[in-house]
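The sequence and the structure are shown first, and a description follows.

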Amino acid sequence: MSITVTVNGVVQQINQQTTLTSLQQQLDLPAVGCVFAINDQIIPKGLWSSQVLNEGDRISLFQAIAGG
Amino acid sequence: MLSDNAFLRYQRQVCLPEIGESGQQKLCDSSVLIIGCGGLGNSAALYLAAAGVGKLVLCDDDEVEVSNLSRQIAFRNQHVSTPKVDALAQQLRALNPECHIRTVQRRADKNLLPLEVSMADVVLDCSDNLETRHLVNQVCFECQVPLISGAAVGWSGQVIAFDFTAANKATGCYACMVPRDYTDQLGKCSDLGIIGPVVGTIGNLQALLTIQYLAELPEFKTHQLMTFDAKHLDWQKWQLMADPDCEVCAAKETNTNNNEGVICPSL
C-alpha cells in the first residue's frame, strides 16, 4: 500500500510506514544543515528515524541560515 | 515613575494600553545584549535604543567595510575602517542619550559569553555563523536567559524566540532545530549575498519580539520559528519541539555545574 504526501509542495507516492529518514534517502534529499517539518511542526533530527509519515502529510524541508 | 522627559519621548508607545507607563518603565530598566553588529544588529539596536531600552551591550570584533553600507544602515561612509561597535554606539547615543551603551569589541566566544549573558535580561543573536549561534544558544539555555535569534541571507529570513527562563524549560532550543552537523559554508551573507531590507526586516522583528517580551505582552510567543520568503513576501510559522537527543537541552536540568557545559556565574 502506498500513501500520498507532499514534499515542498510536490506530490509524492511513498510506501506506508515510511519514516522521515527513509524518505530523505529515497528521494536523495539534502540533510546537512536542513530543517524538516511535517504539517508546520518542526521534527528534530533525533526523531527523523522514528517519525512515520501519514497520508496527506505536508513535508517541508528548508535550509537553516546563519547570515546576519 | 517615568520622568517628564521620558514621558514625552516615549509618549507614542506609552499611550498603547499594552505598554503604558509600567511597560515603558520595564523597557527603561532592562539590559539587552546584542551579539553581532551587522545588518540584524544595526536594525535591532536602532529600534531598541529609540524605544528606550535602558542598556544595550554591543558585541562584535569587526570593523566597518564599504560593502557593509548597503544594508547596515546605522553606519555612515566615514565609519569605514572603524570598529563596528564604536560606529553603532555613536549613532545610538546620538539617537537617544537616555540609552546607556556599552561596547565589547571582541568575538563572542566561550570566555566572554557566560558573564555577558548572565548580566542581560534578553540576548539577541545577530551573528553571522552557526558556530557562534550554537554557542550563544548553549550559554543562554544554561544561564536561563531568553534568546531572540534572527538570521538572513539572500532573499530569506528566519526569526525565533526562546524563553529559557525557569517557567519554560524542556520545550527545545536552537540545537533542536538546527543540528550541529553543519558545514561552515552554510548560509553566510558574504558568500551568498543579501538584500538590505530582508535583513532589516528580521532585525526589526527581533526588536519587536524583545519589546513584547520585556513589556510582558501575553501574546509573546516562544519556540515558534517564522520564515520569510522575500521574493514572494510569504511568511510561514513553524512550531518547534524538543529533540530527545539534544546535546544542549535534553535530559538535563538547567544548572550551573555540568561538566561539559559552560559555567554561568551566579550574579
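B:Ser81 lies in the loop of chain B that runs between β2 (55-59) and α5 (84-95). The model is a predicted one. Although B:Ser81 is not a glycine, its phi is positive, at about 80°. The residue is also exposed, because 10 other C-beta atoms lie within 10 Å and a residue with 12 or fewer counts as exposed.

B:Leu233 counts as exposed, with 7 C-beta neighbours inside 10 Å.

| Residue | Phi | C-beta atoms within 10 Å |
|---|---|---|
| B:Ser81 | about 80° | 10 |

**A helix of chain B**

Helix α3 of chain B spans residues 20-28, and B:Gly23, B:Gln24 and B:Leu27 are buried in it. Viewed along the axis of α3(B), the buried residues fall within an arc of 100°, so they line one face of the helix. Their packing partners in chain B are α2 (11-14) and α10 (196-214).

**The strands of chain A**

In chain A, strand β1 (residues 2-7) pairs with β2(A) in the antiparallel sense, over six bridges. Within this pairing, A:Val5 stands opposite A:Gln12 of β2(A). The hairpin formed by β1(A) and β2(A) has two residues between the strands, and A:Asn8 takes a positive phi near 50° in this hairpin. Strand β2 of chain A covers residues 10-15; of its six residues the number buried is zero, so the strand lies largely in the open.

**Where the chains meet**

How many residues of chain B are in contact with chain A? The contact involves 40 residues of chain B and 18 residues of chain A. Two or more residues each are given to this side of chain B by the helices α4 (39-50), α7 (130-143) and α8 (174-177), and by the strands β5 (147-153), β6 (156-162), β7 (224-229) and β8 (234-239). The largest share, four residues, comes from β5(B). By class, the side of chain B that touches chain A comprises 21 nonpolar, 12 polar and seven charged residues.

Technical notes. Residues are numbered from 1 along each chain as its sequence is written. Chains are lettered from A and ligands numbered from 1 in the order in which they are written. This is a predicted model: local features need pLDDT of at least 70, side-chain atom pairs count only at pLDDT 80 or more; totals for chains, interfaces and linings use all residues. Two residues are in contact if their C-beta atoms, placed from the backbone, lie within 7 Å. Ala, Val, Leu, Ile, Met, Phe, Trp, Tyr, Cys and Pro count as nonpolar, Asp, Glu, Lys and Arg as charged, and the others, Gly among them, as polar. A residue is buried if 20 or more other C-beta atoms lie within 10 Å of its own, exposed if 12 or fewer, and partly exposed in between; C-beta atoms are placed from the backbone. The arc is that of the directions from the helix axis to the C-beta atoms. Two strands pair if DSSP finds at least two bridges between them.
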